Amino acid sequence: MATTQVELVAPDGALYSGQAEMVVCRTSEGDIAFLANHMAFVGLLEAGTVRIVGPDAAPGQAQGPGTQPGPLQAGSGEGHGRELRFEVEGGLVEVHNNKVVVTCRSAGRP
Amino acid sequence: MAAEQERLLRHRIRSIRSTQKITRAMQLIAASRIARAQRALSMAEPYVARLEEVVQELSNTPEASAHPLFTGSGQASAVVVIGADRGLCGAFNSSVLRMAEEVLGDDHVRSPLVVGVGRKVQSYFRFQGAPLAHAFTGFADRPSFEDAVRVAAPVVDAVSDGRVGRALVVSTRFLSTGNQRAEISTLVPVPAAGEAGHEASFEFEPGPETIMEELLPRWIEAQLYAALLESAASFHVAQQRAMQAATDNAEDLVKTFTRAMNRARQDAITTEIMEIVGGAEALRQAGRSEDLLGQPEVYVFPEAS
């Protein structure tokens, strides 16, 4: 399946940087999902969960205990059906050139 | 005389040694803080870089490029001066302050809104009789993102309500552990990136105004956060270097004074011996003058016979 580059960053570190099949997040207008080659987009994020579906990389070690690889990680290999979830406290999502950038003030693994 | 001098020198050496202990401790502390500051800097780097990318990308869109973030409407400027809370760090503060004076003396910078970070910056401007509009102290050597948000607030307000069209930062850039420099950087306006005619079309959700309203503070916060972290890392390097020099200098002084002290002690001993010998000689002379016609001055060494 086609993938898109995903960067999830907060001031205290990068939480995720790698390819993924889909990113789902909540903007002020409602939930939105980005697949590969989504059109250029900028949105304001509401506080909520950002889901990175089918990630190919491990989450970054930005924070303390919350960042240990959870059971989701241990699932079936291949990246299929796996997902990473991050709680964000508002932020911005920007998509262009098959790259999804989520910048948020603070984020953590639930 | 010489004994007195020796006592003074001994006292002085002891005091230098205790100062040296302090400077060495400060040097080691600063060295350990460099590593921590660099770590914080590298953690913040992706956030700042990604946000920069977003801002660059949006500067090409017709909807966003009219925003004050890119146009810089307004005559006045905001200047954020970032220094340290403490001294004992060589020319760290003075080079930032000198550059700040240069910026504020510039004709293009009219009725500036000056924001200062660091106790040294605050006291400098107070001493100059031009107190800062906003002063922030207490976190210059270990800034958190929340601190950056607080520093950014007055600048964000001034830019978004059009009071200032330009926002500058005077701070020390951390180019590498061996190279830091006071520099002026421009936060607002952001120069439009990329080739003319290359207009990106973005879907904005919600509208572009709301997005830009949100992006402006995020941009200024992130840039200030990076500047604060770089300044803190540079401060620790400057302090480490200054304290290293002080420790070395103390070592040299101890060496010099120890030599002087030894000479003084040797002088004292020599003087004492001279006095004894002189005294004995005087006594002998006195004895000889009593019986001038006594025995001839022949000494027989028992071993030689």
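Author: A salt bridge is a side-chain nitrogen of Lys or Arg within 4 Å of a carboxyl oxygen of Asp or Glu. This is a predicted model, in which local features need pLDDT of at least 70 and side-chain atom pairs count only at pLDDT 80 or more, while totals for chains, interfaces and linings use all residues. Residues are numbered from 1 along each chain as its sequence is written, chains are lettered from A and ligands numbered from 1 in the order in which they are written, and side-chain values use heavy atoms, with hydrogens and water left out.

Reader: How many salt bridges are there between chain A and chain B?

Author: The count between the two chains is 3. One pair to look at is E53(B) with K99(A), whose side chains meet at 3.0 Å, N to O. Over all chains, the search finds 18 salt bridges.

Reader: Which residue forms a salt bridge with E4(B)?

Author: R7(B) does, with the closest N and O atoms 3.7 Å apart. Both residues lie in helix α1 of chain B, 3 residues apart, about one turn of the helix. Helices (H or I, at least four residues) and strands (E, at least two) are DSSP runs, numbered from the N terminus.

Reader: How is the size of an interface given?

Author: The size is often given as the accessible area lost when the parts come together. Buried area here is the accessible area (1.4 Å probe) that two parts lose on being put together, summed over both. Chain A and chain B bury about 2200 Å² between them, with 68% of it on carbon and sulfur atoms. Of the area that chain A buries against chain B, P11(A), V42(A) and R105(A) supply 28%, more than any other three residues.

Reader: How many residues of each chain are in contact?

Author: Contact means heavy atoms within 4.5 Å. By that rule, 29 residues of chain A touch 25 residues of chain B.

Reader: How many residue pairs are in polar contact across the interface?

Author: A polar contact is a pair of N or O atoms within 3.5 Å; within protein, one must be able to donate a hydrogen and the other to accept it, and residues adjacent in sequence count only if both atoms are side-chain atoms. Across the interface of chain A and chain B there are 7 such residue pairs, both residues at pLDDT 80 or more. On the chain A side, β1 (4–10), β2 (13–20), β4 (30–34), β5 (41–45), β8 (91–96) and β9 (99–104) each supply at least two residues that touch chain B. By class, that side has 15 nonpolar, 8 polar and 6 charged residues. Ala, Val, Leu, Ile, Met, Phe, Trp, Tyr, Cys and Pro count as nonpolar, Asp, Glu, Lys and Arg as charged, and the others, Gly among them, as polar.

Reader: In which sense do β5(A) and strand β6 of chain B pair, parallel or antiparallel?

Author: Two strands pair if DSSP finds at least two bridges between them. β5(A) and β6(B), residues 203–205, pair in the parallel sense over 3 bridges. Within β6(B), E203(B) is the bridge partner of F41(A).

Reader: Which strands of chain B form a hairpin?

Author: β4(B) and β5(B) do, with 2 residues between them. These strands run antiparallel and are joined by 9 bridges. S176(B) has N179(B) as its bridge partner. In chain A, a hairpin through 2 residues joins β3(A) to β4(A), and the two pair in the antiparallel sense over 5 bridges.

Reader: Where are the cis peptide bonds joining V188(B) to P189(B) and E205(B) to P206(B)?

Author: For the bond between V188(B) and P189(B), omega is about 0°, and P189(B) lies in the loop between β5 (179–188) and β6 of chain B. For the bond from E205(B) to P206(B), omega is near -5°; P206(B) is in the loop between β6 and α6 (208–290) of chain B.
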